[in-house]
Structures are given as structure tokens and as C-alpha cells.
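Me: I'd like to go through this model with you, piece by piece. Can you take my questions as they come?

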Amino acid sequence: MRQAGRHLSEYRRIRQKHDILTICKTPELCAEVSSLPVDVLGVDAAIIFADIMLPLESMGVRFEIKDGVGPLIHTPMRDLKSVMTLQDFHPKADAPFVLDAISLTKKRLDGRVPLIGFAGAPFTIASYLIEGRSTRDFIKTKILMYQDQKTWKLLMDKLVNAMSVYLRAQIYAGVDAVQLFDSWVGCLSPTDYRQFVLPYSRRLLDQLKNSGVPRIHFGTGTASLLEEMKAAGGDVFSIDWRIPIDQAWQRLGDDVALQGNLDPVVLLAGTKTIQAQTTEILKRTSGRQGHIFNLGHGMHPDTPTDRVIDLVKFIHNNTKKDRT
Ligand code: CP3
């Protein structure tokens, strides 16, 4: 995720001329940026360049994406009245540029690697709408969730509907897999996840069950939530580095694929550390079907591109016999 991001000089050149939302809304630029990691790094999949906040613009939310900060919501939503103003999302009419960018990127990739579509999960999007920006403690989100269940339910219902039609439109436009980003759900206890998140994520993931593409369920800090996330659904689960991958797999079961686990900060350390940690992950997953090597979260902007290229080569060289 955010793999095209900040560390690639080609990306930086494009970003000097255009802001993120402009790139997202210009299919030619979007297709170029989405293909960059495949062309430059040699990774085995591309993810469409967009942002989890993108659909909210046409739902009536005014926001910006600030460099080094992330999304900033102009008027955070903290009561029933404001949540009621959230409009329905119609991907074809409201975000045709995403769907056009998907077809253009597919053409550009020309079958070399699959293309992943994505959306933010209801909890993570709700947290931005309520807090107004990234946060460490999610105080306002949790207070609303605990104290105003009518507003919480309406907000989560609206987000399930919007992200469900959005992901289905992306599948129709040609993506080969969809990823649901619940980046911040790790701030919840298992009990709270079961009550306030699981029913919504499950409904959303269920609606994509027979869509013909794998559903990747992503979270960070989720070592205590794996069973709950599995109950919510998904064909592939993303984990971060806070749990050994074989332990996570044992808990999730053999019927799912796993991705993630390398701490992106490791890429800022030397080659020795990178290779040692990579070897450890490969050892813990060897003999298992359905392992997708990946980072546990987004890449840091000052990651040296050469280290990433070397890592991709290292993984390819060490897994050749497993990949047919
Ligand atoms: O790999 C890719 O480049 C695909 C495109 C992508 C972006 N955002 C573009 C972007 C994807 C998959 C996302 C998802 C996203 N956006 C998530 C879920 C994944 C995750 O990382 O947890 C979240 C939480 C957001 C919200 C958001 N947007 C944050 C937290 C930030 C980063 C702020 C910072 O600088 O640390 C953004 C900005 C953003 N969106 C960038 C990119 C490439 C940053 C780089 C830039 O400024 O060009």
C-alpha cells in the first residue's frame, strides 16, 4: 500500500506538478503512477492510485489531503444531523475517473501483473469523519460509538452501502482483487470490534463474496482481533509485524491466504537486517499455500528505492521453486 508513494523519484516529479487528488482524477496520470511500482520495483501486483477518502467528496464531505499529515476534514461529523447529510455514492456518476483509470491501468499493465482495487473500511473512514484527521487515541470516535449508537449505526450503514457499490464498480471496471483497508481498527478491543464493527464489515464483505475476485481484509495492530476479523470475512488477511506470521496463520486457519508482516522501517536499515527479517518470514511460511510477501503497512517516504528493488529480487530468488 502507498507503494507508488513518496520514495520513487518518478512519482515525486509528478507530485511536484499535481496534488494527490488531481492525480486521482486524471486517468492518464493515475494509470502512469499506478504502474510505476511494477515498472521500477518489479513487484508482482499493482494497486490503483486513489485514496480511501476519495468517495467522500461526492457524498458531501469537504476535505483536503495535506502533505505529511493525511486527510483533513473541514467539518467533522459528530452528531445525527450531520451524518444525515451524507449523500449516497454513485461511482459511475460521481467518480468515473477511478473507473476510467482502472481500464487504462489494466491496458498499461497488459496482463503482466494483477491490479488491486480498494476502499476504506467503515470503521477507518468513520474515524476520519468523526476525528477530522489522523489521531493516536480515537477518543471522539469511541465516545460517539459508545454513547450515540443511533448515529454510529446510521454512519456505518451509509459507509457500508457506499463502499459496497464502490468496490463492485471497481470489479466491473476490471480490478483483479479488492482490498478493504481497516487501517486503524487495531485501536479497539475484541469485544468492541464484535459489537461496533464486525456486523458492518461482514455485511460489506458478504456483498462481495460472489464477485469472482479475492477480497483482502487489511488492518494494523490487529494481533488481538484476528479471530474477529476472520468472522467478518475475507479471502486474504493482511497482518503487520507485531505477530509472527505462522502464529497468525494458525489462528486464521488454512482456508485463507496471508500477506504482510515485514515492518516497513526495516527497509531503512541495512541490507543485512532486511535479508535476515525477510528470510525469517519466508521460513515461517514455507510449505504453506497462499503466502503473499508484503510489508505490514505503508512505506516511509525516505525509503531508499534501491533497497526495495533489492528486496523484491531477494524474494523472487528465494521463492522461485514455490511459484509456478
Ligand atoms: O500505493 C499507492 O500509492 C496506492 C494509493 C493509495 C493512497 N492512499 C495514495 C496516497 C492508497 C492505497 C491509500 C490508502 C489510504 N489512505 C489509507 C489506507 C492504507 C494505509 O496506509 O493504512 C489511509 C489510512 C489513507 C489516508 C491517508 N492519505 C494518509 C494517512 C496519508 C499519508 C499522510 C502522510 O504523508 O504520512 C495519505 C496521503 C497519501 N495518499 C499519500 C499517497 C501516495 C502520501 C504521499 C503523497 O503525499 O504523495
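**Strands, helices and contacts**

Reply: Strands here (E, at least two residues) and helices (H or I, at least four) are DSSP runs, numbered from the N terminus. This is a predicted model, in which local features need pLDDT of at least 70 and side-chain atom pairs count only at pLDDT 80 or more, while totals for chains, interfaces and linings use all residues. Residues are numbered from 1 along each chain as its sequence is written, and side-chain values use heavy atoms, with hydrogens and water left out.

Me: Which strands stand at the edges of the open sheet?

Reply: The sheet has seven strands in the order 1-4-5-6-7-8-9, with parallel pairing; two strands pair if DSSP finds at least two bridges between them.

Me: At what angle does helix 12 run to strand 8?

Reply: Helix 12 (residues 245-252) lies across strand 7 (236-239), strand 8 (257-262) and strand 9. Axes are lines fitted to C-alpha atoms, for helices over the stretch in contact, and angles run from 0 to 180 degrees between N-to-C directions. For helix 12 and strand 8 that gives about 150 degrees.

Me: In the hairpin of strand 2 and strand 3, which turn residue has a positive phi?

Reply: Strand 2 (residues 63-66) and strand 3 (residues 70-73) run antiparallel, joined by four bridges, and isoleucine 65 has proline 71 as its bridge partner. Three residues sit between the two strands. The one with a positive phi, about 75 degrees, is glycine 68.

Me: Are helix 8 and helix 9 roughly perpendicular or roughly parallel to each other?

Reply: Helix 8 (residues 139-147) packs on helix 9 (residues 149-173) with axes 5 Å apart, at an angle of about 110 degrees. The contact (heavy atoms within 4.5 Å) includes Leu144 and Tyr146 of helix 8 and Trp152 of helix 9. Angles under 35 degrees count as roughly parallel, over 145 as roughly antiparallel, 65 to 115 as roughly perpendicular and the rest as oblique. Helix 8 and helix 9 are therefore roughly perpendicular.

Me: How many nonpolar residues does the contact of helix 7 with helix 9 have?

Reply: The axes of helix 7 (residues 122-131) and helix 9 come within 9 Å and cross at roughly 120 degrees, so the two helices are oblique to each other. Among the residues in contact are Phe123 and Leu129 of helix 7, and Leu155 and Met163 of helix 9. Ala, Val, Leu, Ile, Met, Phe, Trp, Tyr, Cys and Pro count as nonpolar, Asp, Glu, Lys and Arg as charged, and the others, Gly among them, as polar. With no polar and no charged residues, the nonpolar count is 12.

Me: Is serine 164 buried or exposed?

Reply: Serine 164 is in helix 9, and leaving aside its neighbours within four places in sequence, it is in contact with Leu204, Gln207 and Leu208. Buried means under 20% relative accessible area, exposed over 50%, and partly exposed in between (1.4 Å probe, protein chains only). At 0% relative accessibility, serine 164 therefore counts as buried.
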